[in-house]
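I opened a new notebook page for this chain.

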Amino acid sequence: MTIEDYIEQHSSQESALLHAINRDTNQHILNAHMLSGQVQGRVLSMLSKMIRPKRILELGTFTGYSALCLAEGLAEDGELITIEHNDELQETIVKNLTLSKHTRNIILRLGDCKEIIPTLPNDFDLVFIDADKREYPIYLDLIYSHVREGGWILADNTLWDGHIIDPAYDKDAQTQGLRVFNDAVMANDNLEKVILPLRDGLTIIHKKDTADL
């Protein structure tokens, strides 16, 4: 047994629907490793339940697994907007979201995050970044004003399988994007931050309320 197996066995299990999405994604979708999975999904759900957001923004839907995990903590009248660039996934995403009781609270937007984010309101309580790693620094700049003071940002893959500190990946565009993002977050004194060594790295970021500064 690995430590990962032990953690899975001693963590809350995913719902039947999430388990089905997990299995279907791994059987039929390319790059299935991009799916959050049981443990990270439970972390996303718990964080959302702690925050109780009214408005969530997700960058990178994939097959809808993480959106449904985050939606578990939405306020009753809350809204989650999830953006996916790959329109070939639309049918799968819609099918998965429609099977959930949270479907009425979730809006799927297909297209480029960089084009869609500026059209959105500036009142998100929680943003989850899990899209093109090369563009993480751009996403941070774009979403910053869209996160309310006191709001939260979650960023996935911020350790990038250890590549983040490996000189062999100095010329890798995705690694470079994540390094720039991590450095920008660290340099911003208005952001409290911590990187959790969960799966591929999950950064939890709190945008301070200026009234408390």
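I started with burial terms: buried means under 20% relative accessible area, exposed means over 50%, and partly exposed lies in between (1.4 Å probe, protein chains only). I am working with a predicted model, where local features need pLDDT of at least 70, side-chain atom pairs count only at pLDDT 80 or more, and totals for chains, interfaces and linings use all residues. Residues are numbered from 1 along each chain as its sequence is written, and side-chain values use heavy atoms, with hydrogens and water left out.

**Entry: salt bridges**

I took a salt bridge as a side-chain nitrogen of Lys or Arg within 4 Å of a carboxyl oxygen of Asp or Glu. How many salt bridges does this rule give? The count is twelve.

I also noted the rule for elements: helices (H or I, at least four residues) and strands (E, at least two) are DSSP runs, numbered from the N terminus.

I looked up Arg-55 and Asp-123. Their side chains form a salt bridge, at 2.7 Å from N to O. Arg-55 sits in strand 1 (residues 55-59) and Asp-123 in the loop between helix 6 (113-116) and strand 4 (124-129), so the bridge ties together parts 68 residues apart in sequence. Arg-55 is buried at 14% relative accessible area. Asp-123 is partly exposed at 35%.

Next I checked Arg-148. Its salt bridge is with Asp-125, and the closest N and O atoms are 2.4 Å apart. Arg-148 is in strand 5 (residues 147-156) and Asp-125 in strand 4, so I logged this pair as a link between distant parts of the chain, 23 residues apart. Is Arg-148 buried, exposed or partly exposed? Arg-148 counts as partly exposed, because its relative accessibility is 31%. Asp-125 is buried at 10%.

Then I turned to Asp-156 and Arg-199. Their side chains meet in a salt bridge at 3.7 Å, N to O. Asp-156 belongs to strand 5 and Arg-199 to the loop between strand 6 (191-196) and strand 7 (202-207), so the pair joins parts 43 residues apart in sequence. Asp-156 is buried, at 0%. Arg-199 is partly exposed, at 43%.

I also found a network of salt bridges linking Arg-42, Lys-49 and Glu-72.

**Entry: cysteines**

I searched the whole structure for disulfides (pairs of cysteine sulfur atoms within 2.5 Å). The search found zero. Cys-69 is buried at 0% relative accessibility. Cys-113 is buried too, at 6%.

**Entry: positive phi**

Most residues other than glycine have a negative phi, and most peptide bonds are trans. I looked for exceptions in phi. Arg-52 has a phi near 55°. I placed Arg-52 in the loop between helix 3 (37-51) and strand 1. Arg-52 is partly exposed, at 45%.

Asn-157 has a positive phi of about 65° and is not a glycine. I found Asn-157 in the loop between strand 5 and helix 8 (173-187). Asn-157 is buried, at 8%.

**Entry: start of the chain**

I finished with Met-1. Met-1 lies in the segment before helix 1 (3-9). Met-1 counts as exposed, because its relative accessibility is 71%.
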